[in-house]
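Thank you all for coming. Please have a look at the structure on the screen before I go through a few parts of it.

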Amino acid sequence: MKLLVAVKRVVDYNVNVRSKSDGTGPDIANAKMSMNPFDEVAIEEAVRLKEAGKATEIVAVSMGLKACEETIRTAMAMGADRGILVETDAQLQPLAVAKVLKALVAKEQPQAVLLGKQAIDDDCNQTGQMLAALLGWAQGTFLSKLEVGDGKAIVIREVDGGLETDEIKLPAVLTVDLRLNEPRFVKLPNIMKAKKKPLEVIKPADLGVDVDPRLAYSNFRDPPKRQAGIKVKTVAELVEKLKNEAKVI
Amino acid sequence: MSVLVIAEHDNASIKKATLNTVTAAGKIGGDIHILVAGKDCDGAAQTAAKVAGVSKVLVADAPQYNHELAENIAPLVAKLAAGYSHVLAPATTMCKNFMPRVAALLDVAQISEIIAVESADTFVRPIYAGNVLVTAKSSDPIKVITVRGTSFDAAPAEGGSAAVEAVDPTPEAGLSSYVSQELTKSERPELTAARIVVSGGRALGSYEEFHKQLEPLADKLGAAIGATRAAVDAGYAPNDYQVGQTGKVVAPELYIGIGLSGAIQHLAGMKDSKVIVAINKDEEAPIFQVSDYGLVADLFTAVPELTKAI
């Protein structure tokens, strides 16, 4: 079966992002960019399915600026066969991304779409579920285990109380959590190989998709800063402070 | 203007997160209705009807709503949403699973995990693991929103007397089925609702030490136990213990972080706690920058001593 995997270029998870002083956005002009860690897990899972003989082709998709090509190349170095960049400088919100993905599903006819459960920049956790709705497909979200069978998949999902197992029909949208697998390190020869893999660049308009944002974001600001308190020297002093000063025990 | 709140429940009664969501709904204004969708969920509907400020409870009681599969719940909520200006649900894994599906069926945006209501169309939400707050204004006719429970007080569970009304179920979608659940059993308070949380990181070193060190302390304090992602990944604790950007968000009166460094992603889930205590032998650990009381010490001596002292 063919798999479509969506990968997002985001500020690296080690960067402590602050807002710009004029409140017009996050201050990320010179920040290190990486593939969304959840999407890395999605690519890894797709590659493992291919290595296990369950998937035949992996198409990595990203959207946004030309620089997203790097993210697609990383996905190809991990094992994706080819890439599609939907190039736009528009601010893409999850509903728009889901609509673009739906159009790509119509074009590519995959049996499953894999993506991270959320992006670590906007923290929305929406795109996969929205795509499943638009396609009328089943969804398996927050996955920590995936077993692909004939026309169906068994998914183990991370939920508030523990783990839930569901059976879903294929084709389906699968959103992955971090414990599904540990993504491989990309080796240099594979980076070289990835440079030769096909990467198609198209525009949202080529797909006939309206990507106008529905939410207007403004007043980006830092949250109230928490002041560091004091260091106590002993456990006895800590207990005394908690009892008599903070009065929480 | 009217707001439909989707209840988080276990068929027998509604969960506390629903009460926090009702408070958020009250800040928007207008009538507040609650939808209870489940199987044999009359108990939950009756508890929903008593919540102060709620004027109507809609009940969709049908086998296809058992276990809240997104493919079955989303069409129901989308159908009912036509009569409302806002649809709100708690930002629990159950509701995060189906609410974006509802939004897409309605062709509207979802506003995830709001922490404040500025007006009927303008909300505040955290991005970048809570390092930045942003104001989001929606131009959609129906606002689909998930609500971060720790940012809103719980509405009183008693005092209301809402009418309970059955609604017609939507058909079984036939796309998915529930197989089983493996829930962590615990006598301790639920993590997101606990007054005190004791949390452990990778420095605990093993599954055995994680439980040996933290459980007696948690039991003595009546606390819930949390963990960092590193501790969960290492197998010291189950996934539902995880506090942070991609786990649970907690804001207890007292948070005791033990053997955890305080990565950005972990702070995202606990920095709104009222009092934060950190015990770590590395005095440079970032957790000390947000803690009210820091103790630089070896946890393996400090924690047993603390457990004994309280």
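How many residues does helix H3 of chain B have, and what distance does it reach from its first C-alpha to its last? This is a predicted model, in which local features need pLDDT of at least 70 and side-chain atom pairs count only at pLDDT 80 or more, while totals for chains, interfaces and linings use all residues. Residues are numbered from 1 along each chain as its sequence is written, chains are lettered from A and ligands numbered from 1 in the order in which they are written, and side-chain values use heavy atoms, with hydrogens and water left out.

To answer the question, H3 of chain B, residues 70-81, has twelve residues and reaches 16 Å, close to the 16 Å expected at 1.5 Å a residue, where the expected span is 1.5 Å times one less than the number of residues. Helices here are DSSP runs of H or I with at least four residues, and strands are runs of E with at least two, numbered from the N terminus. Ten of the twelve residues of H3(B) are buried, so this helix is largely enclosed by the rest of the structure; buried means under 20% relative accessible area, with a 1.4 Å probe and protein chains only. Among them are B:Glu71 and B:Asn72.

Now to chain A, where strands pair if DSSP finds at least two bridges between them. Strand E7 (138-148) runs antiparallel to E8 (152-159), joined by five bridges, and A:Leu143 has A:Arg157 of E8(A) as its bridge partner. A:Arg157 also stands opposite A:Glu164 in E9(A), and E8(A) pairs with E9(A) in the antiparallel sense over eight bridges.

Note on methods:
Buried < 20%, exposed > 50% of the residue type's maximum accessible area, 1.4 Å probe, protein only.
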